[in-house]
Every structure is written in C-alpha cells, then in structure tokens.
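This briefing is meant for someone meeting the structure for the first time.

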Amino acid sequence: MTGGQPAVASLPSRPLGRSRVRVTELAFGGAAIAGLYTEVSDDDARAAVDAAWAGGIRTFDTAPHYGLGLSERRLGAALRHRPRDEYVISTKVGRLLEPAAAGRLVGPDPGGFAIPASYVRRFDFSADGVRRSLAASLDRLGLDRVDIAFIHDPDDHGEQAFREAYPALERLRAEGAVGAIGVGMNQAAMLTRFVTDTDVDTVLVAGRYTLLDKSAASELLPAAQRRGVSVIAGGVFNSGVLAAPGAGATYDYHAAAPELIERASGLAELCARYGVPLRAAAARFPLTHPAVASVLIGVRSAGEVADALRCRALDIPAALWDSLATADERGRP
C-alpha cells in the first residue's frame, strides 16, 4: 500500500538493447503536458502523470524542447516522490535553452507550445553542449540521473552529432551518468546509420512506423534487430489523423492532405468491422515488430491516459492485422 492506495503493478516491460534499462510497452510522452498547441494547467499535467502511474506506466519521456523546459519541470515534480528505482525517465540533448534577450517583448513560443517565449532554443551537438544540456535537464527534473539520453533531431547537424554528441553520450554511459543512450528523430535514414555505425542502445523513431507510414520497416527495423538495438515508436497517430480522421485532421504536424484522410478513414472502417477503434490498432501496431520495445503516447490529461490504457487492454484479432497488412492505398482490403 502507498498513501492508503493499493499498489499497482507496472505494465509488461522489455529490455532496452544491451543496457540494463527496461521500458514498459506503453510509455508516457511528455510534450503534450507542456502545452503543445493548447495550454495545459499544472493540475491537469499532474493528473495525467498520476493517472499514468496508477495505470502501470513506468516509462516517461521528456525533452528541453517541450515547453522550453516546462515538461521536464512538471514531470520531475510529479515523479519526485515516487520510488526512483521503479520508473524510467528519458530526456534529450541537442537544444540548449537560453534566456530571451533583456528588454525583448516576450511573445508566444514559436516552437508550437502555448507558453510565453521566455527562452530561446539553440541547437548544440558539441560534447560540451551535451553535458551542459544534460546538467540543465537534471536541474529542471530535480534528479541526479536519467535512465536514457537521446540525441534530439540532429537532422541538419548530422556530422557533429556523430563526431561529438554521440561520443559524449558514450562517455556519460561509461561513467554511469546515464543508463542507456540513443537518438530520437522523425526520419529513419539517419537513425539507421546510428544503428549500424555506433553502439547506441535505442532509437526513438517518430511517425515512420505507423499504419500510414511504414518506411522504418525497410532498413531501420531490420538493422536494429540485427544489431540488438531496441526501437521506441513515437508519433503513432502521425500527429492526429490516425486518432481521429476527418476534416481538420493533422498529419506530421500539418493539415492532412485529403488523400491521407481518406486512407485513414478507410482504415477506421476496416477496424470497425472487428470492433476495434482505429486509435487502438494504431497504438498497438508498432509492437507487432520484434525490434520495437515500447510505444510512446503523448497525453495531456488523465482522460487521455485512461483512453490509452483502455485501448491497450482491447483484444485485437489476428485477422485484423492480416486485413490491415493487405489494405490498399485507400485503406481498404
């Protein structure tokens, strides 16, 4: 018993590469609680983390980018009184937060979060930048260590990330400052290179292994499987269209093209024949590949957490996976 409440067992977990870190099959994505697109109150953010814990989620992901550090501060506060050895927390390096210039009128955050732009983000994939970023994250989280550190979005800084950021993380792992290291991106090609050319434990691929975009399956996932690198799948709804296809749906953070909405609607109809919501199939799909250890779900409220847990508990027939695998470009069998 904890605080008068019965203890809740964590969800099933899987090992993360060759590290000692284990991640629950469903992980909490911390961008939304920092006000991604719409404001989220402190109370609602705390309630979302509490609901995730009550439902057995023990893996939590955040980053300095998310709400200019707000996600890290909120997540750290919500987990501070939890037993430290019972959860896994990941954060990211590659963006340093610097105070906005003195006297500058603080407007909305250009990064898409509903917060004032009191800080500016500066990409820095140098070895010094990695250590400074991690130290600042630990301060915001109120922790002395994180379990996983990801290089975050090195798309336009690839060579520096390979030459400086990765070796810095490798040293931090050897020192025991982090338990596992990896890279998080919205593309598969550079992640594949990290898998084949370095000794990362994990990669976080967002939006590239979904019911609408399986591009990670061609090279990244087979390479990860061969190398013993675990994949964490994020962006499983492609930012919205696979959760609720229809007018105004988004795909990869932009308005979804009509043909993508049509495809997603077709997939929703197909899932409905088996009594399964599309969002449940979309969230479970990545785990059908043996290289995938966890699915990261971005949630902003206790209600969204409860829905994610209900969807996870649904029985999805093998016949539905077969039908989804053979669906045509319109999302129909």
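In this predicted model, the axes of helix H7 (residues 258-273) and helix H10 (residues 318-325) come within 10 Å and cross at roughly 155°, which makes H7 roughly antiparallel to H10, since an angle over 145 degrees counts as such.

- The crossing of H7 and H10 is right-handed.
- On the side of H7 the contact is made by Leu-267, Leu-270 and Cys-271, and on the side of H10 by Leu-320, Ser-323 and Leu-324.
- Sorted by class, the residues of the contact of H7 with H10 are five nonpolar and one polar, with no charged residue.

**The pair H1 and H9**

- Helix H1 (residues 42-54) packs with helix H9 (residues 302-313) at an angle of about 25°, and their axes lie 7 Å apart.
- This angle makes H1 roughly parallel to H9, because angles under 35 degrees are counted in that way.
- The crossing of H1 and H9 is right-handed.
- From H1, the residues Ala-47, Ala-48, Ala-51 and Ala-52 meet Ala-302, Val-305 and Leu-309 from H9, and by class this contact has seven nonpolar residues, with no polar and no charged ones.

**The pair H2 and H3**

- The axes of helix H2 (residues 70-79) and helix H3 (residues 127-141) come within 7 Å, and the two helices cross at roughly 45°, which makes H2 oblique to H3.
- H2 contributes Glu-72, Arg-73 and Gly-76 to the contact, while H3 contributes Ser-137, Arg-140 and Leu-141.
- The residues of the contact of H2 with H3 divide by class into three charged, two polar and one nonpolar.

**Helix H5 and what covers it**

- Within helix H5 (residues 189-197), the residues Met-190, Leu-191, Thr-192, Phe-194 and Val-195 are buried.

- Ala-149 lies in strand E8 and is buried, with a relative accessible area of 0%.
- Leaving aside residues up to four places away in sequence, Ala-149 touches Thr-91, Leu-169, Val-178, Ala-180, Ile-181 and Gly-182.
- Ala-149 and Ala-302 are 153 residues apart along the chain, and their C-alpha atoms are separated by 26 Å.
- Glu-164 lies in helix H4 and, at 24% relative accessibility, counts as partly exposed.
- Apart from residues up to four places away in sequence, Glu-164 touches Phe-125, Ser-126 and Ala-127.
- Between the C-alpha atoms of Glu-164 and Arg-131, which are 33 residues apart along the chain, the separation is 11 Å.

**Thr-210 in its loop**

- Thr-210 has its place in the loop between E10 and H6, and at 0% relative accessibility Thr-210 counts as buried.
- The side chain of Thr-210 reaches the backbone nitrogen of Leu-212 at 3.1 Å, and the side chain of Thr-210 also makes a polar contact with the side chain of Asn-238, at 2.7 Å.
- Not counting residues up to four places away in sequence, Thr-210 touches Gly-235, Val-236, Asn-238, Leu-242 and Phe-285.

**Loop residues with a positive phi**

- Asp-153, although it is not a glycine, has a positive phi of about 55°.
- Asp-153 is found in the loop between E8 and H4, and its relative accessible area of 16% makes it buried, because the cut-off for that word is under 20%.
- Ser-239, likewise a residue other than glycine, has a positive phi near 75°.
- Ser-239 is found in the loop between strand E11 (230-234) and strand E12 (250-251), and at 26% relative accessibility Ser-239 counts as partly exposed.

Note on methods
Residues numbered from 1 in each chain as written. Predicted model: local features only at pLDDT ≥ 70, side-chain atom pairs only at ≥ 80, totals over all residues. Heavy atoms only, no water. Axes fitted to C-alpha atoms, helices over the stretch in contact; angles between N-to-C directions. Helix = DSSP H or I, 4+ residues; strand = E, 2+ residues; numbered from the N terminus. Parallel < 35°, antiparallel > 145°, perpendicular 65-115°, else oblique. Left-handed = near helix turned anticlockwise from the far one by under 90°. Contact = heavy atoms within 4.5 Å. Nonpolar A, V, L, I, M, F, W, Y, C, P; charged D, E, K, R; others polar. Buried < 20%, exposed > 50% of the residue type's maximum accessible area, 1.4 Å probe, protein only. Polar contact = N/O pair within 3.5 Å; in protein donor to acceptor, adjacent residues only side chain to side chain.
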